[in-house]
Amino acid sequence: MQASVVLSLLGCLVVPSGAAVLGRCTVAKRLQEGGLRDYEGYSLENWVCLAYFESKFNPMAVYENTRDSYTGFGLFQIRNPDWCDKGKNRCHVSCSALLNSNLNKTIECAKKIVKGKRGMGAWPAWTTNCQNSNTLARWLDGCKL
């Protein structure tokens, strides 16, 4: 009985957050339209892989990391205070502007981040899951770009 109540509650929590999730090919198309294909030498497959491992393709994702004192925003989980809002705000954008399914501000900011000395290594999720992957091509499988 208790398990069914817990599962019902979890179901209620999952449904609203999934409403903004984009499909893999939609993400690939928007990232390509935003000029990320081969940007700074990184293939479109790398960007799609990063988007999956950072937000599961949810441009409205917000993750609060209390241990390291930052919050990640949007498709690429761009961190405050370095890149948005108060503090350094290197992207000159509000963090809430990164929570948009058109991805324009997110892509602009990601371009600034990847131009840094760490490149895509600025995202630990890319280093762990995408950097040395021999299956990157699967991220564009079946997408008409």
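Start by selecting P81, in the loop between β3 (78-80) and α4 (104-114). This is a predicted model. Look at the bond that joins N80 to P81: the peptide is cis, with omega about -5°. Most peptide bonds are trans.

Next, two backbone angles. Select E40, in the loop between α2 (24-33) and α3 (44-55). E40 is not a glycine, yet its phi is positive, about 55°. Its relative accessible area is 43%, so E40 is partly exposed. Then go to S69, in the loop between β1 (62-65) and β2 (70-73). S69 also has a positive phi, near 60°, and is a residue other than glycine. With 60% relative accessibility, S69 counts as exposed. Most residues other than glycine have a negative phi.

Now move to helix α3 and pick N46. Is N46 buried or exposed? N46 is buried, at 9% relative accessible area; the cut-off for buried is under 20%. Show its neighbours: leaving aside residues up to four places away in sequence, N46 touches M120, W126, C130 and L136.

What does the pair tie together? W47 is in helix α3 and W123 is in the loop between α4 and α5 (124-129), so the pair ties together parts 76 residues apart in sequence. W47 is buried, with a relative accessible area of 0%, and W123 is buried at 4%.

From there, select Y52 and W139. Their rings form a tilted pair, 5.2 Å centre to centre with 40° between the planes. This pair also links distant parts of the chain: Y52 belongs to helix α3 and W139 to the segment after α5, 87 residues apart. Y52 is partly exposed, at 28% relative accessible area, whereas W139 is buried, at 5%.

Finish with two arginines. Select R79 and Y70: the charged end of R79 sits over the ring of Y70, 3.9 Å from the ring centre. Then select R90 and W83, where the charged end of R90 sits over the ring of W83, 5.2 Å from the centre of that ring.

Technical notes
Residues are numbered from 1 along each chain as its sequence is written. This is a predicted model: local features need pLDDT of at least 70, side-chain atom pairs count only at pLDDT 80 or more; totals for chains, interfaces and linings use all residues. Side-chain values use heavy atoms; hydrogens and water are left out. Helices (H or I, at least four residues) and strands (E, at least two) are DSSP runs, numbered from the N terminus. Buried means under 20% relative accessible area, exposed over 50%, partly exposed in between (1.4 Å probe, protein chains only). Contact means heavy atoms within 4.5 Å. Rings of Phe, Tyr and Trp (its six-membered ring) pair if their centres lie within 6.5 Å; planes under 30 degrees apart count as stacked, over 60 as edge-to-face and the rest as tilted. A charge sits over a ring if NZ of Lys or CZ of Arg is within 6 Å of the ring centre and within 35 degrees of the ring normal.
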